[in-house]
Amino acid sequence: MREIKFRVWDTKSKNWIQNDVVIRLNGRIVEVSYGELMGEETGCILQQFTGLKDKNGKEIYDGDIVFFDDHEIASKPYIGRAEVFWCDDLTLCNSPQWALWAIGEKSGYYGYLIGEIEVIGNIFENPDLLK
């Protein structure tokens with residue numbers, strides 16, 4: 001069975017929330033500390049675990065930046081960086097799926113997560129990797 005996990009980025013403190021959180025059905029996030037509800041958080045961004053791990057065994061989340069190779073874009077070998085995202089735009093992908101958005105020279109939709117992938121950062125802590 002696939003593990004369903006999330007991590008939470010706090011846009012105010014610019015850090016990951018280290019305490020447990022409760023995700024309400026309305027999408028609101030409540031931080032939990034020592035078993036007590038601490039109050040609703042605002043300015044937080046949820047990132048879902050893809051259920052996949054990189055070549056080093058590190059969990060891959062939505063918003064991670066990965067280095068990948070052994071892929072092809074437009075029938076040409078491609079080695080580079082990409083952002084992991086949930087693609088539900090059927091003009092880009094055949095069906096909803098975790099996908100890669102290539103960064104750099106051949107930027108654009110790549111496709112699903114296969115091949116040699118290594119997590120090298122994420123969009124919050126390493127925005128410079130998006131350039």
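Colleague: The charged end of Lys5 sits over which ring?

Modeller: That of Phe49. The charged end of Lys5 is 5.2 Å from the centre of the ring. A charge sits over a ring if NZ of Lys or CZ of Arg is within 6 Å of the ring centre and within 35 degrees of the ring normal.

Colleague: What kind of model is this, and how are residues numbered?

Modeller: The model is predicted, so local features need pLDDT of at least 70 and side-chain atom pairs count only at pLDDT 80 or more, while totals for chains, interfaces and linings use all residues. Numbering starts from 1 along each chain as its sequence is written, and side-chain values use heavy atoms, with hydrogens and water left out.

Colleague: How many helices and strands does the protein have?

Modeller: There are 0 helices and 12 strands. Both are DSSP runs, numbered from the N terminus: helices are H or I with at least four residues, strands are E with at least two.

Colleague: Why is Gln47 called buried?

Modeller: Buried means under 20% relative accessible area, exposed over 50%, and partly exposed in between, with a 1.4 Å probe and protein chains only. Gln47 has 2% relative accessibility, so Gln47 counts as buried. Its place is in strand β6, residues 44-53. Over the protein, buried residues make up 37% of the 131 residues.

Colleague: What is Gln47 in contact with?

Modeller: Contact means heavy atoms within 4.5 Å. Leaving aside neighbours within four places in sequence, the contacts of Gln47 include Lys5, Trp16, Asp62 and Phe124. A polar atom of the Gln47 side chain also lies 2.7 Å from the backbone oxygen of Asp62.

Colleague: What makes that last pair a polar contact?

Modeller: The rule asks for a pair of N or O atoms within 3.5 Å. Within protein, one must be able to donate a hydrogen and the other to accept it. Residues adjacent in sequence count only if both atoms are side-chain atoms. The Gln47 pair, at 2.7 Å, is listed under this rule.

Colleague: Which polar contacts does the side chain of Thr50 make?

Modeller: The Thr50 side chain reaches the backbone nitrogen of Leu52 at 3.0 Å. A polar atom of that side chain lies 2.8 Å from the backbone oxygen of Ile60. Thr50 is in strand β6 too. With a relative accessible area of 4%, Thr50 is buried.

Colleague: How many aromatic pairs are there, and what is the rule?

Modeller: The count comes to 6 aromatic pairs. Rings of Phe, Tyr and Trp (its six-membered ring) pair if their centres lie within 6.5 Å. Planes under 30 degrees apart count as stacked, over 60 as edge-to-face and the rest as tilted.

Colleague: Why is the pair of Phe85 and Trp101 called edge-to-face?

Modeller: The ring centres of Phe85 and Trp101 are 6.2 Å apart and the planes are at 75 degrees, so the pair is edge-to-face. Phe85 is in strand β9 (residues 76-87) and Trp101 in strand β10 (residues 97-103), 16 residues apart. Phe85, at 17% relative accessibility, counts as buried. Trp101, at 37%, is partly exposed.

Colleague: What makes Trp86 and Trp98 edge-to-face?

Modeller: Their ring centres lie 5.2 Å apart and their planes are at 70 degrees, so Trp86 and Trp98 are edge-to-face. Trp86 lies in strand β9 and Trp98 in strand β10, so the pair ties together parts 12 residues apart in sequence. Trp86 is partly exposed at 39%, whereas Trp98 is buried at 11%.
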